[in-house]
Amino acid sequence: MKLLIVILIALGGSSLCQDKDRYAQERNRMVESQIAARGISHQPTLQAMRKVPRHLFVPSVLAGEAYTDRPLPIGYNQTISQPFVVAYMTELSRPARGKKALEIGTGSGYQAAVLAEIVDTVYTIEIVPELAREAAARLKILGYSNIVAKYGDGYKGWPEHAPFDVIMVTAAADHIPQPLKDQLAEGGRLVMPVGDPATVQQLIVLTKRKGRITEQRLAPVRFVPLKRLNMK
Ligand code: SAH
């Protein structure tokens, strides 16, 4: 299995060299037509999305579709979000240099990479062991030394590294886990899809000021459910 993953990543790597310009062009087009055109204006987010090689975060057979306007399957019944949703959540979380981020739901590692282009350090947790392993290997090969990835249940956050300026949950639940609220830094922002995990959710942004949390409800979205270890 490990060998297979390394081979797939290596194949992806060689196609990066051959098709570098083509994918760079596709990425620029994606940012212009799907993201900037729909109102995302946070420059560091747009720059990060122009840079991160999304085609290396999807199964190699889907590399040609990596820059299309939709989510794609990444195995184990999970998906990499539509580029616009990644950009929207990134902008909402107000990432900046000097900040520390926590992502719950590493998946392919793409959202973590986008955040890591902007903030100082990204901690990311994935509950499917195979995805956690694959993402960690991919991020290492791509040189993301400021991402710390682990396998586990992100519901509890990562108390050893708290508090976080940015917390992003890329899986849906009917409530925001209390440990994540507790681990949000003063002035920090938490972005998460909240609602019925089986149908549609709403993107929620929590902001912590002087210890008080305020909530903003934004666009309807569809995410895969937040799972729990040792439950159900
Ligand atoms: N951010 C990812 C896509 C997220 S898909 C990317 O950029 O590719 C949602 C991911 O959350 C899935 O990989 C799923 O396995 C994971 N997940 C679900 N419940 C979780 C939990 N409790 N803790 C950590 N990860 C979880």
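In the predicted model, a backbone N or O atom of G154 lies 2.8 Å from a nitrogen atom of the ligand, a polar contact being a pair of N or O atoms within 3.5 Å. Taken alone, the ligand exposes 580 Å², of which the protein buries 99%; accessible areas come from the Shrake-Rupley method with a 1.4 Å probe. The shell around the ligand holds 26 residues, of which S108, E126, D153, G154 and K227 come nearest; a residue belongs to the shell if one of its heavy atoms lies within 4 Å of the ligand. By class, 11 of these residues are nonpolar, 11 polar and four charged. β2 gives the most to the shell, with three residues.

Helix α6 covers residues 129-141, helices being DSSP runs (H or I) of at least four residues and strands (E) runs of at least two, numbered from the N terminus. At 1.5 Å a residue, its 13 residues should span 18 Å, and the end C-alpha atoms are 18 Å apart, which agrees; the expected span is 1.5 Å times one less than the number of residues. The buried residues of α6 are L131, A132, E134, A135, R138 and L139, where buried means under 20% relative accessible area with a 1.4 Å probe, protein chains only. G143, which follows α6, has a positive phi near 85 degrees.

Residues are numbered from 1 along each chain as its sequence is written, and side-chain values use heavy atoms, with hydrogens and water left out. As the model is predicted, local features need pLDDT of at least 70 and side-chain atom pairs count only at pLDDT 80 or more, whereas totals for chains, interfaces and linings use all residues.

Definitions and conventions. Polar contact = N/O pair within 3.5 Å; in protein donor to acceptor, adjacent residues only side chain to side chain. Nonpolar A, V, L, I, M, F, W, Y, C, P; charged D, E, K, R; others polar. Buried < 20%, exposed > 50% of the residue type's maximum accessible area, 1.4 Å probe, protein only.
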